[in-house]
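User: I am new to reading protein models. Could you walk me through this one by question and answer?

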2 protein chains.
Amino acid sequence: MNKKAKRVFKGVIFDVYQWRQKMFDGSFATFEMIKRPATVEVVGITEDKKILILQQRQPNTPVFYSLPGGRVDKSESVRQAALRELREETGYASKKLKKWKSFNEYTTMDWQINMFIARYCRKVGGLMLDPGEKIKVKKITFERLLKLAESDYFWCSRYFTKILFKAKFNKIFKKKLYQELFG
Amino acid sequence: MNKKAKRVFKGVIFDVYQWRQKMFDGSFATFEMIKRPATVEVVGITEDKKILILQQRQPNTPVFYSLPGGRVDKSESVRQAALRELREETGYASKKLKKWKSFNEYTTMDWQINMFIARYCRKVGGLMLDPGEKIKVKKITFERLLKLAESDYFWCSRYFTKILFKAKFNKIFKKKLYQELFG
């Protein structure tokens, strides 16, 4: 986001910013960008080496699959958000949470996505869902995750999609990814 | 977008919509969504079977690679936009333009992306760029495009990324993709 950008709209999730941008020919134009709260996505690994996946529906979506995750609240760190979302959406707690990747994949949207690896996940209770969530928790293998990545109903970032797909055509990368996730 | 959604902000590119959404427990919440103009992306194939790629910079970006494309103007069809963007950004005209894919890849943004295949592209003039564009045109092979897809500086949709990556681990899909693009 340009330093001179000013907020021109404040929404429930999305804020809109604008600034005066100098062009290559010296002229100026109004540039515009969206800002939304940072989110977390958690690769939760259970003690028996499975990955926690949500089968999910929201009031305005079809059934889709995703990693546990969600928006970072104003009162918490990204790390706290990762542990909270994992707990609320799966009922699992992790003994070893590790920040994995942090990226922003849109040029016109300021949206930080933070990925965590949560190892030694153990079930500690039931789900704690919002009225806008219907979730079933699935435990799947690494191979199954690579397969699931091909589905149009597995919703994740372009970044994570690329990682999973790369593991499908690059054996060295696949081995490295497995080690990164499972330790 | 929900039918009852109302525009609460109108920007230069982005409009914000809100609606009252019934939740699974019968309660209501304000849902919010961004709407932005449809865009086109063109896979331009030259007469010598190369693909037209832009090496590009905009005032607020690093150097990146992309397909020719851009926003659909209010006064034109998506087809007209595809031919116009191809002409302006590459200097090429196509004798056979075919609509390929049309999709929307965000749940919280109403953004239609339209992909075209433009065959028999021939150079007909120079570039016609906006003051916010710096572009060099590259002609690359299909194999080079598959390689380029791995780069963080190749900016395209998640959908197209998945197609290119799938061609790297699925030989039958790769052959089909080649035929779809090159005829």
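User: Happy to start with one residue: is B:Glu76 buried or exposed?
Analyst: Keep in mind that this is a predicted model. The relative accessibility of B:Glu76 is 15%, and the cut-off for buried is under 20%. B:Glu76 therefore counts as buried.

User: Which side chain meets B:Glu76 in a salt bridge?
Analyst: In general, side chains of opposite charge can pair when their charged atoms come close. Here the N to O distance is 2.7 Å, and a salt bridge needs the two atoms within 4 Å. The partner of B:Glu76 is B:Arg84.

User: What about B:Glu150: which side chain of chain B does it meet in a salt bridge?
Analyst: B:Glu150 has 22% relative accessibility, so it counts as partly exposed. Its salt bridge within chain B has an N to O distance of 3.7 Å. The partner there is B:Lys147.

User: Which residue of chain A forms a salt bridge with B:Glu150?
Analyst: Between chain B and chain A the count is two salt bridges. In the one with B:Glu150, the closest N and O atoms are 3.6 Å apart. The residue from chain A is A:Lys166.

User: Which element gives the most residues to the side of chain B that touches chain A?
Analyst: The elements of chain B that give two or more residues to this side are β1 (6–10), β2 (15–22), β3 (28–35) and α3 (158–169). One of them leads with seven residues. That element is α3(B).

User: How much area is buried between chain B and chain A?
Analyst: The contact involves 47 residues of chain B and 47 residues of chain A. Carbon and sulfur atoms give 70% of the buried area. The total is about 3900 Å².

User: Which residues of chain B does A:Thr161 contact?
Analyst: A:Thr161 is found in helix α3 of chain A, and at 5% relative accessibility it counts as buried. Leaving aside neighbours within four places in sequence, its contacts include A:Cys156 in its own chain. From chain B, the residues are B:Arg158 and B:Lys162.

User: What kind of axis relates the two copies?
Analyst: A rotation of 180 degrees, with 0.0 Å of shift along its axis, superposes chain B on chain A with an RMSD of 0.0 Å. The copies are thus related as by a two-fold rotation axis.

Conventions. Residues numbered from 1 in each chain as written. Chains lettered and ligands numbered in written order. Predicted model: local features only at pLDDT ≥ 70, side-chain atom pairs only at ≥ 80, totals over all residues. Heavy atoms only, no water. Contact = heavy atoms within 4.5 Å. Buried area = accessible area lost by both parts, 1.4 Å probe. Helix = DSSP H or I, 4+ residues; strand = E, 2+ residues; numbered from the N terminus. Least-squares fit on C-alpha atoms with pLDDT ≥ 70 in both. Buried < 20%, exposed > 50% of the residue type's maximum accessible area, 1.4 Å probe, protein only.
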